[in-house]
Amino acid sequence: MNFYAIQSIYRFEMARTFRTLLQSIASPVLSTSLYFIVFGSAIGSRIQEIDGIHYGSFIVPGLVMLSLLTESISNASFGIYFPKFNGTIYEILSAPVTMWEVVIGYVGAAATKSLMLGILMLITASFFVPIRIDHPFLMVFFLVLTCISFSLFGFVIGIWADSFEKLQMIPMLVITPLVFLGGSFYSIQMLPSFWQKISMFNPVLYLVSGFRYSFFERADVALSVSITMILVFLSLCLFVTWLIFRTGYKIKN
C-alpha cells in the first residue's frame, strides 16, 4: 500500500478544512449552541428530566450524533465530488495509486474532521449543561465508528451525485429527518406503542441509543443491537464502495 499517496490526499483535504474554518468548524458549533438555547431552555423548562437525567444533558448525545452524521456525509461527499466537478479527478485516476488508497485518504480526512467536530461539540455542550460519561471508551468507539461509516457513505454519495443539488439531497432530506425522529431529543418510551414500533425501523435510532448508553447507561434498544447495526452499515458501505470500483460506476462525470 502506498502510504505517501494516502498521506498526500489526507493532508490536502485537511488543509482545505483549515482554509474554511468558519464553514467547516465554526458554523456547526454555532448551530449546536443554538440547539441548546432553543431546546435546552424552551423545551427543557417543560421537560425537567427523562429517566432521571436532566433534559439538557439528555439531548447532548443526540445533538452530537446529528452533527456527526451530517458533517461526515457532507465532508466526504464534497471531497470526492469536487475533483469530479473541476476535472482534477483524472489526475487521481492516472496516478499510480489504488482505489482503496484513494478511499482511505478521502474517508480518513472526512472522518478526522467529523471526530474533531464531535469533540468540539462535547466541549461546547459542557458550557451549557453538566455532562457525565459513564463509559468513555464505548463513547469513543461509537464516535470513531460512526465517523468512518458515514464518511464512507458520503464518499459513495459523492461518486453517485452529478450535481450540487444531489450532493445535498440525502443529508438534508433523509439523514436529518431520521436523526430528529430517532430519539435525539426524546426517549421513544414517551411515544404511544404504535409509534414506538414504527421508530424501530429508523436505523439512526440504534446509533443514538447506543451513543447515549455510553453517557448515562440509558438506552431505548439493547447495546448489542446498536453495535451490530453500525457494523452492518459499515460492511454495507464497504461492499457498495467495492462494487463501484469493480464496475467503474460514475467515477468520472
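**View 1. The span of residues 221-245 in a predicted model.** The end C-alpha atoms of residues 221-245 are 35 Å apart, and the span is 92% helix and 0% strand. Helices (H or I, at least four residues) and strands (E, at least two) are DSSP runs, numbered from the N terminus. Residues are numbered from 1 along each chain as its sequence is written, and side-chain values use heavy atoms, with hydrogens and water left out. Because this is a predicted model, local features need pLDDT of at least 70 and side-chain atom pairs count only at pLDDT 80 or more, while totals for chains, interfaces and linings use all residues.

**View 2. Spans annotated in UniProt.** An unreviewed UniProt entry places the feature "transmembrane region" at residues 21-43, 55-82, 140-161, 167-186 and 221-245. UniProt positions follow the numbering used here, feature names are shortened, and annotations may be inferred rather than shown by experiment. Residues 55-82 are 96% helix and 0% strand, with end C-alpha atoms 40 Å apart.

**View 3. Helix H10 (residues 203-216).** The 14 residues of H10 should span 20 Å at 1.5 Å a residue, and its end C-alpha atoms are 21 Å apart, which agrees. The expected span is 1.5 Å times one less than the number of residues. In H10, 12 of the 14 residues are buried, so the helix is largely enclosed by the rest of the structure. Buried means under 20% relative accessible area, exposed over 50%, and partly exposed in between (1.4 Å probe, protein chains only). Among the buried residues are Tyr206, Gly210, Arg212 and Phe216. Glutamate 217 follows H10 and has a positive phi, near 55°.

**View 4. Serine 214 in H10.** Serine 214 lies in helix H10 and is buried, with a relative accessible area of 0%. A polar atom of its side chain is 2.5 Å from the backbone oxygen of phenylalanine 211. Leaving aside neighbours within four places in sequence, serine 214 is in contact (heavy atoms within 4.5 Å) with Ile133, Asp134, His135, Leu138 and Met139.

**View 5. Serine 151 in H7.** Serine 151 is placed in helix H7 (residues 136-160). With 0% relative accessibility, serine 151 counts as buried. Apart from neighbours within four places in sequence, serine 151 is in contact with Ser72, Ala76, Val107, Ala110, Ala111 and Ser114.

**View 6. Confidence along the chain.** The mean pLDDT (the predictor's confidence in each residue, from 0 to 100) of the chain is 82, and 91% of its residues reach 70 or more. Confidence is highest in H7, at a mean of 91, and lowest in helix H2 (residues 21-43), at 70.

Notes: Polar contact = N/O pair within 3.5 Å; in protein donor to acceptor, adjacent residues only side chain to side chain.
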